[in-house]
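Here are my notes for you to go through with the model open.

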Amino acid sequence: MAFVGAYASGSGVYVATPMDPIRPIADTSTQVPGGAGRFISFGNVAIDGANVVFEATALVNGTQVVKGIYGSIGGMLRQIAAQGATMGTKQVADLHFGVGGFSGGQVAFAADFTDGSQGVGVTTPLGAGRCPTGQNYWRNHPSQWPETALTLGNQNY
């Protein structure tokens, strides 16, 4: 599960998985990836496997407030889209991300452009569709398999 949580000195995006402690993805002390600033607030969050995508606002260069969509993909924090960026030939004025906007490794979001038009963006962040456990994980951890039998065609395994 991924969620936005608040505490006495700020807020952040967190992940909780069974048998593991809650861990932060980003909070108000986290530097914005690829930028010169820090997150100041968080919006909608979505999780797909071990990857998390969230909407956030950042204070960049100490004066500019920028809204964006960010993700922890393969354990790395990265920017997916942000105000001021270009989609095609249009400049993004605002972004909208819903809790169902990340599935199957694809991120979907709405964009308002500076010319008054609107659009929908879909992207597959690098590595989002890959299994986060590694090549031999399931072979070496059979106790974690959710099923004990599998039928493919007429063959039982």
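1. Start with S72, which touches I25, A50, N51, V52 and L77, leaving aside residues up to four places away in sequence; contact here is heavy atoms within 4.5 Å. S72 lies in strand β6, residues 64–73. Strands (E, at least two residues) are DSSP runs, numbered from the N terminus. With a relative accessible area of 10%, S72 is buried, since buried means under 20%, exposed over 50% and partly exposed in between (1.4 Å probe, protein chains only).

2. Before you read on: this is a predicted model, where local features need pLDDT of at least 70 and side-chain atom pairs count only at pLDDT 80 or more, while totals for chains, interfaces and linings use all residues. Residues are numbered from 1 along each chain as its sequence is written, and side-chain values use heavy atoms, with hydrogens and water left out.

3. Now the sheet that holds β6. Four strands make up an open sheet, ordered β4-β5-β6-β7 and paired antiparallel; two strands pair if DSSP finds at least two bridges between them. The edges are β4 and β7 (76–82), each with a single partner strand, so one side of each has no neighbour in the sheet. On average, neighbouring strands here are turned by 30 degrees against each other, direction ignored. For such angles, axes are lines fitted to C-alpha atoms, and the angles run from 0 to 180 degrees between N-to-C directions.

4. Nine bridges join β4 to the antiparallel strand β5 (residues 51–60).

5. Together with L59 and V65, I40 forms a nonpolar surface patch with about 230 Å² of accessible area. Areas come from the Shrake-Rupley method with a 1.4 Å probe, and for residues only the protein chains shown count as cover. Patch members have over 30% relative accessible area and no salt bridge, and nonpolar side chains (Val, Leu, Ile, Met, Phe, Trp, Tyr) are joined within 5 Å. A salt bridge is a side-chain nitrogen of Lys or Arg within 4 Å of a carboxyl oxygen of Asp or Glu.

6. There is also an open sheet of three strands, in the order β1-β2-β3 with antiparallel pairing. Here β1 (2–7) and β3 (23–27) are the edges, each with a single partner strand, so one side of each lacks a neighbour in the sheet. Neighbouring strands are turned by 35 degrees on average, direction ignored. Six bridges link β1 to β2 (residues 10–15), and Y7 has G10 in β2 as its bridge partner.

How values were computed:
Patches are made of residues with over 30% relative accessible area and no salt bridge: like charges are joined within 9 Å, nonpolar side chains (Val, Leu, Ile, Met, Phe, Trp, Tyr) within 5 Å.
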